[in-house]
Amino acid sequence: MSAVINAAVEGPTDEAVAVRLIHHVGAKAGTVYGKKGKPHLHARVSGFNRAARHAPWLVLVDLDQDAQCAPPLKTAWLPDPAPQLCFRIAVRAVESWLLADAERIAEFMAVARSRVPANPEGLPDPKVELVNLARRSRRKDIREDMVPREDSGRPVGPAYTSRLIEFVEQYWRPTEAAKRADSLARAIRCLERLVEEAT
């Protein structure tokens, strides 16, 4: 019987990534909570931690600019994680995990492979990098969906999130991406441990 892992995330792209990773390690995704931004998730993280005393959980947050690296943020959010909780931090955002599958993201966005950054976790803002890649896309629909309109005042295009979800669900290879994103590799190992312990 497959382990069932519940999750809590910041938003819809993170939800797609969390579900994909849970399936990737051979488990079933249970309910995904949160999805209302980082402050909402932070306010509820101790409740998710209590739930993880009884069942496996994944809590996924972006590092963003909240700390220099993941450990201080982890300690600030959750000094005493439950044994069945994978509290994982994407450096600096889950977008860096997507960029880490350079071959597939280049194909999906119709850009040269050489334009994809070699060290996605070193980027200050991977979201900006994805938008800049979309600007160079040979596909008009990618440009229209992912690049913000002039004067919109928005950081991303109107269908940026739905395009990323499409990429995660249909093209993204977590094993490949983990070779270039250490925080992703750690998340996969943590989930594999939960599955082992649940079987």
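I looked up Arg-163 to start with: it is buried, at a relative accessible area of 10% (buried is under 20%, exposed over 50%, partly exposed in between, with a 1.4 Å probe and protein chains only). Its side chain forms a salt bridge with Glu-166 at 3.2 Å, N to O (a side-chain nitrogen of Lys or Arg within 4 Å of a carboxyl oxygen of Asp or Glu). Both residues sit in helix α8, three residues apart, about one turn; helices are DSSP runs of H or I, at least four residues, and strands runs of E, at least two, numbered from the N terminus. Glu-166 is partly exposed at 23%.

A note on my source: this is a predicted model, where local features need pLDDT of at least 70 and side-chain atom pairs 80 or more, while totals for chains, interfaces and linings use all residues. Residues are numbered from 1 along each chain as its sequence is written, and side-chain values use heavy atoms, without hydrogens or water.

**Other salt bridges**

I found 13 salt bridges in the structure. One of them pairs Arg-173 with Glu-103 at 3.7 Å, N to O. Arg-173 lies in the loop between α8 and α9 and Glu-103 in helix α5, so this pair ties together parts 70 residues apart in sequence. Next I checked Lys-179 and Glu-176, which meet at 2.8 Å, N to O. Salt bridges with shared partners also join Arg-139, Asp-141, Asp-145, Arg-163 and Glu-166 into one network.

**Glu-10**

Last, I turned to Glu-10, in the loop between β1 and α1. Its side chain reaches the backbone nitrogen of Asp-62 at 2.7 Å.

Technical notes: Polar contact = N/O pair within 3.5 Å; in protein donor to acceptor, adjacent residues only side chain to side chain.
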